[in-house]
Amino acid sequence: MNPFFNIDERIEKASDKALELCKEQFSHIDEITEYNQNKVQKAFIDNRISETNFVSSTGYGYGDLGRDTLDKVWAQVFCAEDALVRHNFTCGTHTLAVALFGVLRPGDNMLCVTGTPYDTIHNVIGIKGSEMGSLKDFGVNYSEVALKNDKPDLEAISNAVSDDTTMVYIQRSRGYELRPSLKVEEIGEIVKTVKAKNPNVIVMVDNCYGEFVQKQEPCEVGADLIAGSLIKNAGGGIARTGGYIAGRHDLVEKCAYRLTTPGLGKEVGATLGMNRELYMGLFYAPHTVGEALKSAVYISALYESFGYDVTPKYNEERADIVQSLGLENEESLVAFCQGVQSGSVIDSYLLPEPWDMPGYDSKVVMAAGAFTLGSSIELSADAPIREPFYAWIQGGLNFHSAKTCALLAAQQMLNKGLLKNGI
């Protein structure tokens, strides 16, 4: 029995059974974690990282050795020609927007081949209209290819790509959808398909939630540009803010011109003492992602035993850290999130309630007791209040605390008479 938290004995027994089921997957995760940790370790050694790289710069930030070397480390780790890693990317959506506006020009054609992308990018593209400042507002054309049976439709993608296609955009993670997240191998198949039709097309991948989940990254299978957030996988729970763009040198340079100004690009940008935690975050990232994956696998096994629909299943191969959990109604969804919040080391006393969150077209309930506000590598559970009432769970700085949060969520549902499977 847990000596610190009042967990029903029946839930504890279900937890023990779930842990037994997870052993093989945990071993597989450890293998991937060690591979990626060695990859990061080698990049640090090859680039001779030292205390000098942590020195702060101010003003213009000219000649910031730590900033410039971090880009090199990042490029090596992600098998890219170049990288742009900065604390002043405000979020993942901002990072993606800088990449899109950096590369695309008026009259260009952007084709999303993984269906409609995640909610917060809609305004950037101008999907629902010509929002002020969107790609559409600047004359960039957008179209998309729907998924087929929740998978990329390679035939339809091939038919949609033409000599006029400027960019093919791939969202690796599922977002608020139930389709499987894309494995790197599947991204490679998309790259082959589109490059066969138009070798000049730029393939960009929204890599959020996918970093270090597998041994390969999208640039290794032909992606031209990837982007993500440092308060998700790649920051290791250490980085307090920021994002990264990596890929072909010419494309990264264009993105740098968009972030700062043409002609200056990567040469400016004071680091203000942030270098140390960006380096440390990258160093911790493979291990932290491994802990998040174990948390997701365990939650999948536990809640499937309670009778809920889970995707992925505990024994399925994963391409991101996200776990979807079908809770069937609003009451169970909110109770689950409140239970997760009650176990969070930050803001445990708060009670999450659905609210109108900016960038979403439905009310959202979110459990997120994090050291860094909005961090998705720290355990969080959130969901739009709409059918089919699934929660999306991601993160967990360490498995054991995430496990306790999952148990407290089950206890909260039990207390309210909502937990299934006769418990």
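User: Which residues make the nonpolar surface patch?

Analyst: This is a predicted model, in which local features need pLDDT of at least 70 and side-chain atom pairs count only at pLDDT 80 or more, while totals for chains, interfaces and linings use all residues. Residues are numbered from 1 along each chain as its sequence is written, and side-chain values use heavy atoms, without hydrogens and water. Tyr 60, Tyr 62 and Leu 264 make a nonpolar patch of about 360 Å² (residues with over 30% relative accessible area and no salt bridge, nonpolar side chains being joined within 5 Å; areas by Shrake-Rupley with a 1.4 Å probe).

User: How do the axes of helix 2 and helix 8 cross?

Analyst: Two packed helices are described by the angle and the distance between their axes. Here the axes of helix 2 and helix 8 (residues 275-305) come within 10 Å and cross at roughly 15° (lines fitted to C-alpha atoms over the stretch in contact, with angles from 0 to 180 degrees between N-to-C directions). Helix 2 is therefore roughly parallel to helix 8, a term for angles under 35 degrees.

User: Where is Val 205 placed?

Analyst: Val 205 is in strand 5 (residues 202-206) and is buried, with a relative accessible area of 0%. Val 205 and Ile 187 are 18 residues apart in sequence, with 8.5 Å between their C-alpha atoms.

Note on methods. Patches are made of residues with over 30% relative accessible area and no salt bridge: like charges are joined within 9 Å, nonpolar side chains (Val, Leu, Ile, Met, Phe, Trp, Tyr) within 5 Å. A salt bridge is a side-chain nitrogen of Lys or Arg within 4 Å of a carboxyl oxygen of Asp or Glu. Helices (H or I, at least four residues) and strands (E, at least two) are DSSP runs, numbered from the N terminus. Angles under 35 degrees count as roughly parallel, over 145 as roughly antiparallel, 65 to 115 as roughly perpendicular and the rest as oblique. Buried means under 20% relative accessible area, exposed over 50%, partly exposed in between (1.4 Å probe, protein chains only).
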